[in-house]
Amino acid sequence: MNQAQNNNNQIIGKPIDRVDGYLKVTGGARYSAEIPTQNVVHAVLCQSTIARGRIRSIDTQAAERASGVLAVITHLNAPRLAQPTWRPAGQSLPILQKPEIYYYGQNIGVVVATTLEQAEYAASLVRATYDEQRPVGMMAQRLNEAFLPPMGLSAGSGNPADSRRGDVARGLDGAVSIEQTYTTPIEHHNAMEPHATIAIWEGDNLTVYETTQNVSGVREVLASAFGIRQENVRVVSRFLGGGFGSKGLNWPHTTIAAMAARQVKRPVKLVLERPQMFTSAGHRAPTLQQITLGATPAGKLTAIRHATTSHTSMFDDFVEPSGLMTRMMYSCPNVEVSHRLIRANVGTPTFTRAPGEASGSFALESAIDELAYKLKLDPIELRNRNYAERDEHENHPWSSKSLRETYRLGAERFGWAQRNPVPRSMRDGRYLIGYGVASATYPANYRAASARAVFFADGRALVQTGTHDIGTGTYTIMTQIAAETLGLPVDRVQFDLGDTRLPPSPGAGGSTSAASAGSAVQTAARTLRSRLIEMALRDENSPLYGLGTSAVTVESGRIFARDNPSRGETYVQVLARLGEKMVEVVASAQPGRERAAPGAPATASQRPGTEQDRGTQAKESQGGVYSFHSFGAHFCEVRVDPDLGTVRVARILGCYGVGRVLNLKTATSQMHGGMVWGISMALQEETHMDSRSGHYVNANLGEYHVPVNADIPAIETYFVEENDPYVNPIGAKGIGEIGVVGVAAAIANAVYHATGKRVRSLPITLDKVI
Ligand code: MOS
């Protein structure tokens with residue numbers, strides 16, 4: 001940190017305004033559906049009104065005759081598509097190829113017309129009849145049908161659905177224990193910006209403006225569906241109005257838009273309507289989580305069992321991995337985590353705002369609170385007594401961990417000491433007051449990425465990588481990283497993202513972008529800076545000629561001798577003298593030996609500890625293999641009306657150790673967003689399905705409740721200073737998701753403290769509190 005303070009160029013970490021803020025508030029930021037497109041026509045989807053069965057007939061004649069209609073495509077006349085070779089969840093069902101119906105709102109056709117209104121009207125004229133069967137839903141009544149997901153927690157991750165260390169039965173023998181079931185409902189992402197596609201064909205070349213968190217993934221799926229090479233597909237996503245996981249994978253409407261554009265030989269725009277966003281772009285699967293905890297009377301955990309059941313579609317296996325954090329959160333010799341799936345007539349669930357940790361932390365951190373009351377221990381003290389000094393699941397040391405400090409600082413700022421531990425003991429007038437706490441964690445993911453950095457003779461720099469800004473501030477932090485590394489002011493650096501023509505970065509999921517794209521941007525900027533310095537040092541006509549690279553530094557685009565700042569010249573002067581218009585580099589960054597291969601550690605931890613394991617462990621530590629996680633704590637105060645059962649969050653505080661904070665302002669905003677999601681998850685969000693029809697009955701923002709300003713209290717965010725030399729070159733752990741983890745549990749724990757009533761089923765609505 002001292003080094004940073006001494007650096008006059010320090011830009012990383014500063015709470016600068018969003019570099020794209022002006023564009024956003026003036027309407028200059030064009031989102032995918034707003035890209036001006038010559039000759040564009042409009043597509044509207046027709047969707048099934050049954051959840052299970054088969055299309056018997058589909059009458060498109062009236063639609064075809066309606067004015068402005070260019071095409072009506074159904075499974076009867078759709079071009080045959082190749083099954084994508086790469087099939088992320090949601091893609092296994094062939095698109096408009098067959099009459100079988102597996103969920104309510106499944107696409108059965110698309111109408112293309114000159115105007116949106118013509119397309120909407122014509123789509124309303126398409127009539128389907130069905131052979132209908134009763135859908136299967138209602139997971140809780142069908143637990144006997146649960147199966148072990150054969151692909152593990154996430155296809156390709158190598159993460160098994162089940163893991164175990166020690167012997168839970170033995171750990172429970174004679175222990176103080178609790179055993180409870182917690183449930184979370186179906187939730188929908190509900191980004192403000194609906195999913196949208198503009199598809200443009202030029203010969204065999206396809207350009208798609210898409211609302212996506214993963215331009216490369218969309219390109220891969222479209223190339224395989226249409227049997228063309230990936231180089232012939234360009235996917236662009238410059239601004240995103242929220243994704244929250246629902247724009248992380250591909251959904252059928254993107255392929256349908258491209259199919260329609262090819263057929264009508266004009267650019268096609270397709271935007272999902274709000275109700276379609278409930279059926280056609282994923283959801284968080286409901287969970288039923290059984291947790292057993294055992295502890296000594298002194299509060300040392302002896303056993304943890306966490307069994308999650310969630311649902312999936314009839315054709316994909318997507319697991320809500322709620323048990324992930326239970327594997328590594330606490331020190332405990334006997335741990336068993338399992339995941340099971342039940343098939344239902346629903347669209348495929350997907351990643352949703354901290355997939356796994358958000359739903360799992362509600363169960364685990366509620367259970368820890370229940371155990372604390374049973375042991376008559378302060379819930380923070382119980383957590384500290386079981387502090388994991390290393391990752392006992394992966395069997396590696398942490399690269400860094402500040403959880404103890406976040407408990408301490410959070411408790412101090414919150415005023416935890418003022419809490420009377422007795423439930424229903426604190427009041428303000430007629431309101432019952434409750435304090436609650438829960439832990440947060442999220443993996444610090446880091447994947448390979450590359451970036452291009454260019455310096456132009458006029459003094460500007462351009463830095464590019466195919467990452468994404470899902471509204472969180474990627475444009476801003478990447479500009480800061482590039483500017484500081486190049487030794488340039490922020491306003492001389494332009495940063496581009498969201499295009500498959502740029503050097504690739506991973507999809508914006510799993511809190512990965514800052515670490516991955518950020519490390520690539522830093523590497524490219526550093527390489528460019530070295531190149532520019534070398535050009536000066538090797539040039540006989542430079543005032544710096546003959547100096548070694550360590551003898552010079554750069555500030556505001558000027559290279560100078562460290563021991564004689566007046567001896568120097570600017571990047572611009574170097575290029576001008578050498579007659580260069582620009583200097584360009586491409587560089588990449590990727591994880592090294594410090595990260596174990598995915599899946600490998602989990603296998604080791606399935607065995608009980610042995611002498612041999614401990615030998616391996618010592619060797620790994622020497623080799624520098626670490627476990628990478630962010631940690632934090634959420635504290636909240638609720639006020640409960642004892643007569644009405646209404647719960648208001650009066651204040652909420654988050655305290656985190658997330659490595660290097662790249663921009664204090666955007667980082668704080670992200671944590672605020674996470675805590676808002678958490679309040680929403682705790683008290684409001686729930687999608688209801690009519691079990692007779694398989695239809696989501698509240699598929700709109702009027703009846704699917706998300707918070708408004710009046711629901712959100714004062715939010716406080718603190719970051720503990722954390723220097724992590726191992727996590728990745730940029731030192732940032734990624735903060736897209738940790739802000740939501742544990743918030744629902746903190747609120748449930750506060751509701752218990754206020755009322756003496758333990759609510760184990762989200763959302764905590766008044767009927768459950770009274
Ligand atoms: Mo995140 S739910 O991986 O977009």
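Modeller: The count comes to 8 cavities of 30 Å³ or more. Keep in mind that the model is predicted.

Start with the largest cavity. Its volume is about 140 Å³. The lining has 15 residues, and P94, I95, L96, Q106 and N107 are the closest to the centre. Two elements each give two or more residues to this lining: strand β5 (107-113) and helix α7 (252-264). By class, the lining of the largest cavity holds 9 nonpolar, 4 polar and 2 charged residues.

Next comes the second largest cavity. It holds about 110 Å³ of space. Here too 15 residues form the lining. Closest to the centre of this second cavity are Y103, W251, T279, G347 and T348. Its lining splits into 8 nonpolar and 7 polar residues, with no charged ones. The lining of the largest cavity, by contrast, includes 2 charged residues.

Five strands form an open, mixed sheet in the order β16-β17-β25-β26-β29. Its edges are β16 (427-428) and β29 (714-719), each pairing on one side only. Helix α11 (residues 403-414) packs on this sheet and touches β17, β25, β26 and β29. The direction of α11 makes about 25° with that of β25. Helix α17 (residues 664-683) lies across β25, β26 and β29, at about 130° to β29.

Definitions and conventions. Residues numbered from 1 in each chain as written. Predicted model: local features only at pLDDT ≥ 70, side-chain atom pairs only at ≥ 80, totals over all residues. Heavy atoms only, no water. Pairing = 2+ DSSP bridges. Helix = DSSP H or I, 4+ residues; strand = E, 2+ residues; numbered from the N terminus. Contact = heavy atoms within 4.5 Å. Axes fitted to C-alpha atoms, helices over the stretch in contact; angles between N-to-C directions. 1 Å grid on protein atoms, 1.4 Å probe; cavity = no way out; pocket = protein on both sides within 12 Å on 5 of 7 lines; lining within 4 Å. Points joined across faces, edges and corners; volume = space filled by probe spheres on them. Nonpolar A, V, L, I, M, F, W, Y, C, P; charged D, E, K, R; others polar.
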